[in-house]
Amino acid sequence: VGLIMPFVGGWRMYNMSPMSFVKNPLIWIRTISKYGCQFSTAPNFALGLTARRWKALREKEALDMSSLQLVQLGGEPVNPDHVFAFTE
């Protein structure tokens with residue numbers, strides 16, 4: 001459904017290679033910030049991995065995540081600690 005809806009609704013969609021994400025999870029939030037994405041889909045582990053990489057940065061870059069309204073998690077049970085770390 002996530003891949004079909006943009007075609008049906010006429011919305012812009014950005015896909016990312018899973019390997020690109022695993023190598024550099026910050027590419028996900030940089031893409032959201034750059035293009036003003038409103039909706040994203042990811043597995044639960046993506047939240048925890050991204051939060052850990054962000055915290056490890058010595059200098060935090062300015063990212064605007066204000067456009068993001070919904071993150072759909074799929075593929076595994078949701079870990080509340082990952083959700084909290086990501087939203088923090």
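Hi everyone, let's start with the lining of the largest pocket: helix H1 (5-9), helix H2 (18-23), helix H3 (26-35), strand S1 (39-42) and helix H4 (44-56) each contribute at least two residues to it. Before I go on, please keep in mind that this is a predicted model.

So what is in that pocket? The space in the largest pocket comes to about 1000 Å³. It is lined by 30 residues, and Tyr14, Asn15, Phe39, Ser40 and Thr41 are the ones closest to its centre. Sorted by type, the lining of the largest pocket has 20 nonpolar residues, nine polar ones and one charged.

Now to the second largest pocket, with about 340 Å³ of space. Here 15 residues form the lining, and closest to the centre we find Met65, Ala85, Phe86, Thr87 and Glu88. Two or more residues come from each of H4, strand S2 (70-73) and helix H5 (80-87), and H4 gives the largest share, with four residues. This lining splits into ten nonpolar, two polar and three charged residues.

Let me finish with how H3 and H4 pack. Their axes lie 8 Å apart, at an angle of about 90°. Angles of 65 to 115 degrees count as roughly perpendicular, so H3 is roughly perpendicular to H4.

Which residues in H3 and H4 meet? On the H3 side they are Leu26, Trp28 and Ile29, and on the H4 side Ala46, Leu47, Thr50, Arg53 and Trp54. By type, this contact of H3 with H4 has six nonpolar residues, one polar and one charged.

Notes
Residues numbered from 1 in each chain as written. Predicted model: local features only at pLDDT ≥ 70, side-chain atom pairs only at ≥ 80, totals over all residues. Heavy atoms only, no water. 1 Å grid on protein atoms, 1.4 Å probe; cavity = no way out; pocket = protein on both sides within 12 Å on 5 of 7 lines; lining within 4 Å. Points joined across faces, edges and corners; volume = space filled by probe spheres on them. Nonpolar A, V, L, I, M, F, W, Y, C, P; charged D, E, K, R; others polar. Axes fitted to C-alpha atoms, helices over the stretch in contact; angles between N-to-C directions. Parallel < 35°, antiparallel > 145°, perpendicular 65-115°, else oblique. Contact = heavy atoms within 4.5 Å.
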